[in-house]
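Visitor: Hi, I'm new to this one. Can you walk me through it?

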Amino acid sequence: METPEVEKCRTGSSGQPDEIDSILEKYRGRKDALIPALYDIQKVMNYLPESAAVKVAEALEVPVSKVYGVATFYTLFSVKPRGKHIIRVCESAPCHVLGAMNVVKELERELGIKVGETTKDGRFTLELTSCLGTCGVAPAIMIDDVVYGNLTADKIPHILSEYR
Amino acid sequence: MEFYRSHVLVCGGTPCVLEGCKAVRDALISEVRRAGLAGEVKVVETGCLGPCDMGPIVVVYPEGITYARVGVKDVPVIVEEHLLKGRAVDRLVLGTGAKEKGVVSYERPPYFELQQRIVLRNCGMIDPDSIDEYIARDGYRALAKCLTEMTPGEVIDAVKESGLLGRGGAAFPTGVKWSFTARATANQKYVVCNADEGEPGTFKDRLILEGDPHSIIEGMAIAGYAVGADKGFIYIRGEYVLSIERLERAIQKAREYGLLGEDILGSGFDFDIEVRKGAGAYVCGEETALIESMEGDRGEPRLKPPYPGTCGLWGKPTVVNNVETLANVPPIILNGPKWFRGFGTERCPGTKVFTLTGDVNNKGLIEVPMGITLRQVIYEIGGGIPGGRAFKIAQTGGTSGGCLPKELLDVPMDYFSLPEAGSALGSGALLIVDDSHCIVDIARCFMKFFKHESCGKCVPCREGTDRLYEIVDKVAQGNGRLEDLDLALELSRVMQVASLCGLGQAAPLSLMTILQYFGDEFREHIVGKTCPAGTCGF
Ligand SMILES: Cc1cc2nc3c(=O)[nH]c(=O)nc-3n(C[C@H](O)[C@H](O)[C@H](O)COP(=O)(O)O)c2cc1C
Ligand code: FES
């Protein structure tokens, strides 16, 4: 179990049930709004817990299985708890050719975790991703909404320090 | 409008933003003010100028001098030398011509010389947040022309005659596509702009949307008028944060100016646009998967026919077009189909926007006439291979495309010649790989992509992408078997014909071309247990 501090650090919000209800208000009965609704909820909860999926299903009038099906289909959604900051390293060919693996190794070393894991303090989750559309400055990573490019291993500690 | 003697354009595309262009822009503004030039010199943040890995890029007009890799510390020199004294700062000028007269023109650096800008006509030239600057460069004139002087049928005919082929990869004639939807009878039709752009190595749509969002709005409105749709959607990758922001602002501005909404320009034509964010799935770029995703489902492709043109979003006739396709429409309407046919080749008129990536000196965004050769792009525009290494392969069309060896560098790049050579033009992504890389390792990277992105709906693709990855991975580990290579080829052919959508059909192409041209390197791994490039550590 995570301590409340870690939980709070991770989600940056208490993720109170009424917060979810107020998000869902504007999507009530709108089947087509499943993806926007999941986006909004993940923004405050940091991931999509089962309890939230049930509420979404009720509000949009779709089966829970469908909510789960959609939430697990798209890479930007997660049904598992994640770190406060999501680091996504591009592993597609243009980044691979210019040394993405060195970036991955350095990130793993700096963070003390492997790809797919979350740091103990709940601050970072490290993931691999397909092309981010910034191949002109390969190799590239995204931390949350921010892109970093032209990376070499020695630039990593400085970038991470902005989030520590 | 105020008059300024000089305009300083600072590239504000994503690649430059992350190299610190905001700080450069701010420094320029304050330095210009400090020098007392605020009334004479205007600093403008624009969309992408192209040479992305040389950012931040700064261009000074009217001289048209392009400065590369400008840092905050360079700003005082540029203001002092160039803007006050009128002398270009040679050491920062992009390209070589600088020393001749101290002044080079914007078109002169070799990087720009072979380029022709139709799609990118405004990228890097205007402030993308300013609808006035777009209008000042003929923006929305094509829409006005359609609404006041042309019937929907005439618009479709013009696009047909131009020979414009869809730039999203499938190269379907745009005018013909529109005519299907125009003919369909329905109480509601839609126009969808496909900005999902997930093909590895492709970032053109992002930079078009960041640099010139109004051109897409205008193109969509023209498409809506032509086919009889009053509602448009832009389906865009969730990662494209800056594009989404700029699009939202541009749509808002267009509404304020009466260029979107009801009764546009008093013509009785209604059209509005909504932005929908994707959530990270390559297959959602496939038009029917995109529609599933917009309807709130898992983005799994539908069986075709019916095609979206007659039965698309919520079962209604829907035109789906790529960003670059739509950006071509206003100039075609304005200048006529004949003008457009003056660029490119007979079968593929116009230009193509390519994204140049990998082991090449000048990476970035370029727009060139269709039919240019790979050699010209790599060596003349791209500046060749860095670090004295030798060329090994070029992959055209992104990870879905094929790999060409140096013997095929003179193939013209268009939608017919590249497939004839066993590859594809696709989205226009070009990946250059030098001889320091092991071909097995590169092939494994391609196969991993498809293994991950296959949506799992059909068996040939779901199983095939897994098996192909496994076979290549075993070779890279030193455990490959010769008979597996035959198996891989057989499996590839099955995937090409039996997969439900273009993802599975295109997935084996890179491996097939690699086995054709670099089969020996695979066999050396298997039989000789050595990796000639020395990167597979076994
Ligand atoms: C797996 C797959 C991914 C695709 N991704 C894109 C994409 O990101 N952008 C795009 O415009 N077209 C993409 N396409 C092509 C679309 O299905 C469709 O042909 C295109 O959007 C039509 O627009 P156009 O006629 O203007 O090219 C993809 C196709 C497949 C099979
Ligand atoms: S390949 Fe890495 S950002 Fe495109």
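Guide: One term to start with: helices and strands here are DSSP runs, numbered from the N terminus. With that in hand, B:A171 sits in the loop between α8 (152-162) and α9 (174-183) of chain B. Keep in mind that this is a predicted model.

Visitor: What is phi of B:A171 near?

Guide: Phi of B:A171 is near 60 degrees, which is a positive value in a residue other than glycine.

Visitor: OK, new topic. Which peptide bond in chain A is cis?

Guide: The one from A:A138 to A:P139 is cis, with omega near -5 degrees. You'll find A:P139 in the loop between β2 (124-129) and β3 (141-143) of chain A.

Visitor: And where is B:P306 found?

Guide: B:P306 is in the loop between α13 (287-294) and β8 (318-322) of chain B.

Visitor: Let's do helices. At what angle do α11 and α12 of chain B pack?

Guide: Helix α11 (residues 213-227) and helix α12 (residues 241-256) of chain B pack at about 55 degrees, and their axes are 9 Å apart.

Visitor: Which residues make the contact?

Guide: From α11(B) there are B:P213, B:H214 and B:I217. From α12(B) you get B:R246, B:L247, B:A250, B:I251, B:K253 and B:A254. By type, six of the contact residues are nonpolar, one is polar and two are charged.

Visitor: How are the chains split into domains?

Guide: Chain A is assigned domain 1 (4-73) and domain 2 (85-161), and their C-alpha centres are 27 Å apart. Chain B is assigned domain 1 (6-109), domain 2 (131-340), domain 3 (351-434) and domain 4 (439-528). The centres of domain 1 and domain 4 of chain B are separated by 47 Å.

Visitor: What about confidence? What is the mean pLDDT of chain B?

Guide: It's 93, and 97% of the residues of chain B reach 70 or more. Still, residues 96-107 of chain B stay under 50, and the model has 28 contacts for them beyond four places in sequence.

Visitor: And what does chain A average?

Guide: Chain A averages 91, with 90% of the residues scoring at least 70. Residues 1-6 of chain A are below 50, with five contacts beyond near neighbours in sequence. Residues 8-14 of chain A also stay under 50. As for the model's other scores, ipTM is 0.91 and pTM is 0.92.

Terms used:
Residues numbered from 1 in each chain as written. Chains lettered and ligands numbered in written order. Predicted model: local features only at pLDDT ≥ 70, side-chain atom pairs only at ≥ 80, totals over all residues. Heavy atoms only, no water. Axes fitted to C-alpha atoms, helices over the stretch in contact; angles between N-to-C directions. Helix = DSSP H or I, 4+ residues; strand = E, 2+ residues; numbered from the N terminus. Contact = heavy atoms within 4.5 Å. Nonpolar A, V, L, I, M, F, W, Y, C, P; charged D, E, K, R; others polar. pLDDT = per-residue confidence, 0-100. Domains from an automatic or database assignment.
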